[in-house]
Amino acid sequence: ILAVLGFHSFIAKPFYIPSESMMTTLQVDDRVLVNQLAHRFGPADRGDIIVFDDPDHWLSAAETAEHTPNPVLEFIGLAPADSGNQLIKRVIGVGGDTIRCCDAEGRLLVNGEPIDETYLDEGTAPSEVEFEVTVPEGHYWVMGDNRSNSADSRYHMDTDPFVAEDDVVGTVFLINWPFKHFSWVSTPDKVFADVPDTAEGLSGN
C-alpha cells in the first residue's frame, strides 16, 4: 500500500481524459500516466502534453462539479484524486517565446518560425482565432490538439492565458487504459526542431 501511494504521490500520477480537447491524440475516457519527476527536475519542453492545476478559473463550476471521485480506481492508478480541478493540454510556447497565428499558409509561428504540427488531425486548422503573445518567464502557452474544441490559452486572454510552472503536475508519458489504446506518449521534437532561441527569433522579426 505504501509503495503504491508513494508511486502515485511522487513518481507517476494517473489522469482521466474527460473531454475531446486533445483528440485524437487522447480519446475521451482514456487513462494516462503523468511523469511528476520530470517536472521536479526541469521545465516542460515545447510539444510536451502536461497536466496542470486550473490556473485562473479556466474550469467552470459546472465542469468541476461533474467530477465524481472513485477511491478504488484512484488506488489502482486508473483515476486521479483531484482531476476535477486539473486540465491537460500541449505546450506550444515556453517562457520568452513569441507565438503568433498565423502565417500565409495557416501555420503557427514560434519565435518567427512556422511549425508543422504533425499531431493535429488532417484538415485541422492550427487556430481559427488570430493572436500574438509573448510568454512570461516561468510560464507556458498551451493548446489542445482538437483546436476547434479546446478552451485553452487562446480563450483566456481577458484574464490569464498562461500556465505557471508551479501549477504543472507533470508530463504525460503513457496511455495505460483502455488496453487497445495502450501506447507511449513522446514529445514531437521534430515539430519544434527549427524554432530558434527566443533572442534569435525576436531579433529576426
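Modeller: Trp 184 is exposed, because its relative accessibility is 64% and the cut-off is over 50%. Keep in mind that this is a predicted model.

Colleague: How many aromatic pairs does a search of the whole structure find?

Modeller: The search finds five aromatic pairs. In one of them, the ring centres of Phe 173 and Trp 184 are 6.2 Å apart, and the planes meet at 25°, so this pair is stacked.

Colleague: Which strands do Phe 173 and Trp 184 lie in?

Modeller: Phe 173 lies in strand S11, residues 168–177, and Trp 184 in strand S12, residues 183–184. The pair therefore ties together parts that are eleven residues apart in sequence.

Colleague: And what is the relative accessible area of Phe 173?

Modeller: It is 24%, so Phe 173 is partly exposed.

Colleague: Which residues do ring pairs link into a cluster?

Modeller: Phe 131, Trp 141 and Phe 162.

Colleague: Which residue lies over the face of Tyr 119?

Modeller: That is Arg 90, at 3.8 Å from the ring centre.

Colleague: Okay, cavities then. How many of 30 Å³ or more turn up?

Modeller: One, from a search of the whole structure. The largest cavity holds about 30 Å³ of space.

Colleague: What sort of residues make up its lining?

Modeller: Four are nonpolar, four are polar and two are charged.

Colleague: New topic. Which residues does the disulfide join?

Modeller: Cys 101 and Cys 102, with the sulfurs 2.2 Å apart. The count comes to one disulfide.

Colleague: Is that bridge left-handed or right-handed?

Modeller: The torsion about the S-S bond of Cys 101 and Cys 102 is about -90°, so the disulfide is left-handed.

Colleague: Is Cys 101 buried or exposed? And Cys 102?

Modeller: Cys 101 counts as buried, at 8% relative accessibility. Cys 102 is buried too, with a relative accessible area of 18%. As for its place, Cys 102 is in the loop between strand S5 (98–101) and strand S6 (108–110).

Colleague: Is the peptide bond from Cys 101 to Cys 102 cis or trans?

Modeller: Cis, with omega near -5°. Most peptide bonds are trans. A cis peptide bond also joins Trp 177 and Pro 178, with omega about -5°. Pro 178 sits in the loop between S11 and S12.

Colleague: Last one. Where is Asn 85?

Modeller: Asn 85 is in the loop between helix H4 (71–76) and strand S4 (86–94). Asn 85 is partly exposed, with a relative accessible area of 45%. The C-alpha atoms of Asn 85 and Trp 58 are separated by 9.4 Å, and these residues are 27 apart along the chain.

Notes:
Residues are numbered from 1 along each chain as its sequence is written. This is a predicted model: local features need pLDDT of at least 70, side-chain atom pairs count only at pLDDT 80 or more; totals for chains, interfaces and linings use all residues. Side-chain values use heavy atoms; hydrogens and water are left out. On a 1 Å grid over the protein atoms alone, a cavity is a set of points where a 1.4 Å probe fits but cannot get out, and a pocket is an open set with protein on both sides within 12 Å along at least five of seven lines; lining residues have an atom within 4 Å of a point. Grid points are joined across faces, edges and corners, and a volume is the space filled by probe spheres set on the points. Ala, Val, Leu, Ile, Met, Phe, Trp, Tyr, Cys and Pro count as nonpolar, Asp, Glu, Lys and Arg as charged, and the others, Gly among them, as polar. A disulfide is a pair of cysteine sulfur atoms within 2.5 Å. Buried means under 20% relative accessible area, exposed over 50%, partly exposed in between (1.4 Å probe, protein chains only). Rings of Phe, Tyr and Trp (its six-membered ring) pair if their centres lie within 6.5 Å; planes under 30 degrees apart count as stacked, over 60 as edge-to-face and the rest as tilted. Helices (H or I, at least four residues) and strands (E, at least two) are DSSP runs, numbered from the N terminus. A charge sits over a ring if NZ of Lys or CZ of Arg is within 6 Å of the ring centre and within 35 degrees of the ring normal.
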